[in-house]
Structure formats: structure tokens, C-alpha cells
Amino acid sequence: MKILLNNRKEEFEMDSISVSKMLLLKKFSFRMRIIKINGVLISREKYDSTIIKDGDNVQMLYLMSGG
Amino acid sequence: MKRGHKVILRYSIGMSSKNSFKMRFSDIKVHLSKFRVGIAGAGGLGSNCAVALARSGVGTIVLSDFDVIEEQNLNRQYYFTDQVGMMKTVALKENIARTNPDVFVIIHQKKLDKLNIPDIFSGCDVIVEAFDRSDMKEMLIETVQQKMPGTPLIVGSGMAGWGKNETIRYRKIDETLYVCGDESTEVSEDLPPMAPRVGIVANMQANVVIEILMKMR
């Protein structure tokens, strides 16, 4: 499947993957983040149950402490 | 252009110069006075952002913070030595009144949580995320995006240390979520938050707020 990840094209071998699996495959280990799929915010507790499909627009934002 | 030629800077609402009427700063101020902006946190980001918005003429600013000013805050936060020990919200209201007394400032001395955020910021046209802790940033973003759909939220993320101007950026994720900062540096003992980078991000956030409000009717 092909998705948009932060406005860049990304390809995965599977037809669909969970958010958790995508983070693992992409080695995104930093914990504090916001993820939106097609404009909908996905809370942390839904990373396992939320499935990313072909054509999805995934936006990720890292939250760094400081302010 | 000839030397000495009088240049009048004019601004227009929206992206297109066609069909949009031109505005001087006095008109911009009148337009901005109609709006209400919420600021979550009155530390380095919140205090500097609030003052920039007040100087620009934003009508109402809703401030929420539960902290007291400490001497170590003065390296970046918009407070003065004689205000150490005061509640940040009270001191910031005072400082705003000294820069633009026309701004109506509403203060809440509360620790923000999922339950009180929608009440405290109800009626705000835009909300600025100005916390220091990343878990609080996450909580605020989730709450505003889920409980206050449609309200634009301007997040600050990544501003520790000094230098590296080229890494500080602005990103619009969608119509309701905007990010200012380098999205990579985290505050630590050897990478402290300092006035220049915190001030840059706070003012970038204020700049995004104004850009959004100038397109609102």
C-alpha cells in the first residue's frame, strides 16, 4: 500500500497495518507525539486498534518539552 | 522609487490582492479587536506570545496558568524582577495592561485538564499551546482536537538551546493544527530554554494567530 506520511509518499508491503506496527517499521521510537490520520487525531490508546490503509494521509508531530 | 518618496505600507485580508480591501495598521487593530485568543500556559511561550498579540490589538486574551514567577524564569519569560513571587497570570495581565490597556484579559489560575479546557477556552477563536512539558502538550492537543473541533490550535515544539535559526520552522498540518519550532530539540540541563529561541517560537505562534484571525470575519 501507499500512504502519505507527513506529505511524503511511503510504501509498505502489507495492504494495511496498525499505527503501532507502522511506528515499529519506521523505527519511530520517540514517545511524545501526535498522530492524525485523514484529519482525525488518534489517541495513544488506539495505536494498536487503528488501521492505516492504502491512500491514507498520516500526519505525525513530535512534542518536545520546553516552553 | 525616488528617495524621500512616502511609502505607505498596506495590508490586505486574505491571500489575493484582488477584491480584498487594503488595511492600515489602525484598520488591522480594529479587525483583531473582535476576536478572543486562548493561551494555555504563561511561561516562556505564553507570556511572549500574549504580549505580541496584545500589542497587535487582539480584543480578548484568555490566560491560564497555575504557576508563580521564579527568578530563573526571567531568562526568557515576559516578567520583571519586582514580579518574582507573583502569580504569572496576574503579572501578565498587568504587563499587558501596560503595553495595551484596550485588551480585555481573562485569567484562570488553574491546572488545565481534559475536563476544564473546553470550559476555560470556550468562545476562543484560536488557542495557543504554550506549555513546557510534552505530556501536557499532548493532553491539550488531544482535548482541543477532540472536544473543540474546528478551533485552530497553534503548538510550540522544539526551541531548546541557542543558535540554529535555520532549524526553526512553521508547519500547517491542517486547518485546525499548526506547529512552530524545530520539532527536535528537547530542554535539558545543557540545552536550557533561552530568550532568543523561545521568543522566536512564541512570536511565530502569535504571527500564525494573526494570520488566521485576519482571514476570519
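Me: What makes the contact of Arg44(A) with Glu138(B) a salt bridge?

Reply: In this predicted model, the closest N and O atoms of Arg44(A) and Glu138(B) are 2.7 Å apart, and since the rule asks for a side-chain nitrogen of Lys or Arg within 4 Å of a carboxyl oxygen of Asp or Glu, the pair is therefore called a salt bridge. Across the interface of chain A and chain B the rule finds 2 salt bridges, and β4 and β7 of chain A each supply at least two residues of the side of chain A that touches chain B. With 4 residues, β7(A) gives the most to that side.

Me: How do you know that β4 and β7 of chain A pair, and in which sense?

Reply: Two strands pair if there are at least two bridges between them, and β4 (residues 33–37) and β7 (residues 57–62) of chain A have 5 bridges, in the antiparallel sense, so they count as paired. In β7(A), for instance, Met60(A) is the bridge partner of Ile35(A).

Me: Why are β2 and β5 of chain A said to stand at the edges?

Reply: The open sheet of 5 strands in chain A has the order β2-β1-β7-β4-β5, with mixed pairing. Both β2 (8–11) and β5 (40–42) of chain A have a single partner strand, so one side of each is left without a neighbour in the sheet.

Me: What lies across β4 and β5 of chain A?

Reply: Helix α5 (residues 134–147) of chain B lies across these two strands, running at about 25° to β4(A).

Definitions and conventions:
Residues numbered from 1 in each chain as written. Chains lettered and ligands numbered in written order. Predicted model: local features only at pLDDT ≥ 70, side-chain atom pairs only at ≥ 80, totals over all residues. Heavy atoms only, no water. Contact = heavy atoms within 4.5 Å. Axes fitted to C-alpha atoms, helices over the stretch in contact; angles between N-to-C directions.
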